[in-house]
Amino acid sequence: DLEKQMMASGFAPNMISGGLMMPYIFFFSGVQIGLVPKALLIGVIVMGILQNTLAPFTNRLITKSVSQRIIHYAKKETTVHERTVLLKDLMGIPKYVALQVFLIFLGGCIIWLTLCKFLAGFSNAEAGFAITAGIFGSIISALFSLNMAENVCSMFAKPFVEQGVDSRLVTKFKYFGMPIKTSFNFYVVFPLVFSTIILLFLLWIGYLSDTPLLHVNSTEAGIMRVVIIFIANVLFCIFLSRMYFNKIMKSNEQITETMITIVSKGAMTTALLPSDLANELSYNAYLINQTILLFRDILGKAGKIASSVMQSTQDLVLTSR
């Protein structure tokens, strides 16, 4: 069901995010090499506890109602209004999943670094630097989870749209997920802005304030550290931008292929586009499907009229004979 699918699909992104962010946080905050093994162990324990205790609870809180309705509707005949309302609630889930992951990840970072301060010997400066990097890591993790949740919800939404939804509500709302403009801000603008902010923070602490970069023996080493952080931030932003771009291009390619098929082979043989009504492109796919169905209806009626005319012609021929 949706609840279990969401939890299972979110496990890998969460673990990968945690695995990538811990080294990033260590390097960004300049943690002494001798403190890393103990801090890493504490981080793995905290991440494991949160993933197996708090995450299932919050996931169930977000998805339980919609998941139960999906199971219930699978066993009964549903109306277009019921399917449309369920679709609206379903496509609203991803943003809550992303918020959940952001808060859990950030809370986990705070707990982890607090334990590191008392158990691993982190200084206040190291913990402060690490929290700054942890916020960026929380944003990245939330965006990974947002993409995952959108894919899972889309998988459940497409069959409902295929069965038919309330055209009046669709005309009113057009789509039920996140607009493309908002998605662009989340996947591209926010990571770019925040990564720039933390890089400027690193430069300010290292070169413009009275507090030097932590555990840097020379200016060259400090510059190298800033350069490596810059490259890591660029790679994160490129990956997120690419993830967003691929999602948009996939929808666009499906629409293009369908239009080419309509032009070359006609509407009668063209398969309907999968649509989850998540954003503007998905709404365009829905409109194309309605156009295909309209053409099919017109061609079907034209065929019946032609058959009727043919029958009348044959009757006239027979009468004239």
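This is a predicted model: local features need pLDDT of at least 70, side-chain atom pairs count only at pLDDT 80 or more; totals for chains, interfaces and linings use all residues.
Contact here means heavy atoms within 4.5 Å.

I begin with I140, which touches M21, F236 and L240, leaving aside residues up to four places away in sequence. I140 belongs to the largest nonpolar core, a set of 54 residues, and is listed among those with the most contacts inside it, together with Y24, F26, F28, W112, C116 and F122. At least two residues of this core come from each of the helices α1 (2-29), α2 (36-74), α4 (93-120), α5 (124-163), α7 (180-208), α8 (219-265) and α9 (280-320). There is also a second, separate core of 26 residues, including M91, V97, F176 and Y286.

Let me turn to the aromatic rings. The count comes to eleven aromatic pairs. One of them is formed by Y24 and F136, a tilted pair with 6.0 Å from centre to centre and 45 degrees between the planes. This pair links distant parts of the chain, since Y24 lies in helix α1 and F136 in helix α5, 112 residues apart. Both Y24 and F136 are buried.

F136 also pairs with F236: the ring centres are 6.0 Å apart and the planes stand at 75 degrees, over the 60 required, so this pair is edge-to-face. Here helix α5, holding F136, is linked to helix α8, holding F236, across 100 residues. F236, like F136, is buried. Ring pairs join Y24, F136, F194 and F236 into a cluster.

Finally, two lysines lie over ring faces. K88 is placed over F173, at 5.7 Å from the ring centre, and K117 over F118, at 5.5 Å.

Technical notes:
Residues are numbered from 1 along each chain as its sequence is written. Side-chain values use heavy atoms; hydrogens and water are left out. A nonpolar core is a set of buried Ala, Val, Leu, Ile, Met, Phe, Trp, Tyr and Cys residues joined through side-chain atoms within 4.5 Å. Buried means under 20% relative accessible area, exposed over 50%, partly exposed in between (1.4 Å probe, protein chains only). Helices (H or I, at least four residues) and strands (E, at least two) are DSSP runs, numbered from the N terminus. Rings of Phe, Tyr and Trp (its six-membered ring) pair if their centres lie within 6.5 Å; planes under 30 degrees apart count as stacked, over 60 as edge-to-face and the rest as tilted. A charge sits over a ring if NZ of Lys or CZ of Arg is within 6 Å of the ring centre and within 35 degrees of the ring normal.
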